[in-house]
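Colleague: Please put the model up, and then we can go through it piece by piece.

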Amino acid sequence: MELWYTDQHTKNVRFSMKVKEQLATCESEFQRIDILQTEEFGKVLVLDGELMITQKDEFIYHEMITHVPMAVHPNAKNVLVIGAGDGGTIRELIKYDNIERIDMVEIDKKVTDMCMEYFKETACGLSDRRVHMYFEEELRYVRQQHDKYDLIIVDCADPYGPAEGLFTKEFYGTCFKALHEDGILINQHESPYYSEHSRTVQKAHSHIQAVFPYSTVYQCHIPSYPSGHWLFGFASKVYDPIRDLKEEQWNELGIDTRYYNTNLHKGSFYLPNYVMKLLKMQ
């Protein structure tokens with residue numbers, strides 16, 4: 001008998017992968033957590049039945065959410081990561097020697113515990129001495145911060161359940177206050193392709209635009225995510241992500257990446273017409 005895992009991308013679209021075995025499952029205080037070993041994508045993390053990361057393509061997501069802002073603000077010293085319980089974003093951040101402190105706030109400690117056991121290649125940076133982990137409600141944590149961070153990365157799940165409050169105008173306003181005067185905010189922005197997701201993209205972009213002087217969107221291709229076409233939001237108090245790209249300075253760092261490079265950085269901000277229309281950028 002064959003075992004298949006199916007991720008419901010929309011009411012009418014499903015994405016399936018053949019499963020070798022179920023490695024772990026548990027019910028935390030917040031959600032059901034499953035880790036599966038698949039034929040094509042390796043180990044996959046599933047929360048409440050929805051795919052979060054796969055061993056095969058997680059590097060694309062984590063590199064693009066991390067190195068794009070760091071190439072614009074390469075001297076960032078204090079970084080806040082919201083969510084990121086799998087550790088992939090932290091793994092990329094610790095490649096920068098100039099970063100002095102990384103605060104990670106994740107609501108569900110069980111996610112991090114299971115990733116440290118089953119996704120060691122993703123969670124390997126969580127033991128870095130600069131990383132400080134806080135397991136609490138993210139919005140409450142950010143409300144208590146003021147003028148503290150150079151960069152905030154919102155690496156959260158989809159905008160419902162435990163992560164619902166991280167897509168509101170109030171949340172983006174609290175992030176604005178928590179950033180230094182030249183701070184950058186990055187958030188995962190969902191896919192613009194299916195109408196069920198595109199409304200979330202519109203709403204998030206609108207909320208961020210109302211708060212930050214500079215707000216735009218960039219894209220990448222992640223095969224296991226809905227439609228494969230994925231967006232991130234880039235918002236800043238002063239930086240333009242193309243004009244202020246420190247291309248030569250970043251390349252001199254010699255950081256090892258599998259997806260990101262500075263040419264791709266520039267190209268990722270040139271969006272298809274349908275996305276620009278969706279975001280009212282044309």
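This is a predicted model: local features need pLDDT of at least 70, side-chain atom pairs count only at pLDDT 80 or more; totals for chains, interfaces and linings use all residues.

Colleague: Ok, and what share of the 282 residues is buried?

Modeller: Buried residues account for 57% of the 282 in the chain, where buried means under 20% relative accessible area, exposed means over 50%, and partly exposed is in between (1.4 Å probe, protein chains only).

Colleague: How does the radius of gyration sit with a compact globule?

Modeller: A compact globule of 282 residues would have a radius of gyration near 19 Å, and the chain, at 18 Å, agrees with that; the radius is taken over C-alpha atoms, and the globule rule is 2.2 Å times the number of residues to the power 0.38. Taken along the principal axes, the box filled by the C-alpha atoms is roughly 55 × 45 × 35 Å.

Colleague: How many helices and strands are in there?

Modeller: The chain has 10 helices and 12 strands, both being DSSP runs numbered from the N terminus, with helices (H or I) of at least four residues and strands (E) of at least two.

Colleague: What is the strand order in the 5-stranded sheet?

Modeller: That open sheet runs 1-2-3-4-5 with antiparallel pairing, two strands being paired if DSSP finds at least two bridges between them. Strand 1 (3–8) and strand 5 (50–54) are its edge strands, each pairing on one side only. On average, and ignoring direction, neighbouring strands of this sheet are turned by 50° against each other; axes are lines fitted to C-alpha atoms, for helices over the stretch in contact, and angles run from 0 to 180 degrees between N-to-C directions.

Colleague: Which residues do strands 3 and 4 cover, and how many bridges join them?

Modeller: Strand 3 (residues 32–38) and strand 4 (residues 42–47) run antiparallel and are joined by 6 bridges, and I33 has L47 in strand 4 as its bridge partner. Helix 3 (residues 109–118) packs on this sheet, touching strand 2 (14–27), strand 3 and strand 4, and its direction makes about 105° with that of strand 2; touching here is contact, meaning heavy atoms within 4.5 Å.

Colleague: Now the 7-stranded sheet: what is its order?

Modeller: Its order is 8-7-6-9-10-12-11, again an open sheet but with mixed pairing. The edges, pairing on one side only, are strand 8 (131–134) and strand 11 (214–221), and neighbouring strands are turned by 15° against each other on average, direction ignored. Within it, strand 9 (residues 149–155) pairs with strand 10 (residues 179–188) in the parallel sense over 5 bridges. Helix 6 packs on the sheet by touching strand 6 (78–83), strand 9 and strand 10, with its direction at about 145° to that of strand 10.

Colleague: Changing topic, how many salt bridges do you count?

Modeller: The count comes to 14, a salt bridge being a side-chain nitrogen of Lys or Arg within 4 Å of a carboxyl oxygen of Asp or Glu. One of them joins K56 and E40, with the closest N and O atoms 2.5 Å apart. K56 is in the loop between strand 5 and helix 1 (58–72), and E40 is in the loop between strand 3 and strand 4, 16 residues apart.

Colleague: Why is K56 called partly exposed?

Modeller: Because its relative accessibility is 41%; E40 is partly exposed too, at 49% relative accessible area.

Colleague: And R91 with E58, buried or exposed?

Modeller: Both R91 and E58 are buried, and their salt bridge has its closest N and O atoms 2.9 Å apart. That pair links R91 in helix 2 to E58 in helix 1, 33 residues apart.

Conventions
Residues are numbered from 1 along each chain as its sequence is written. Side-chain values use heavy atoms; hydrogens and water are left out.
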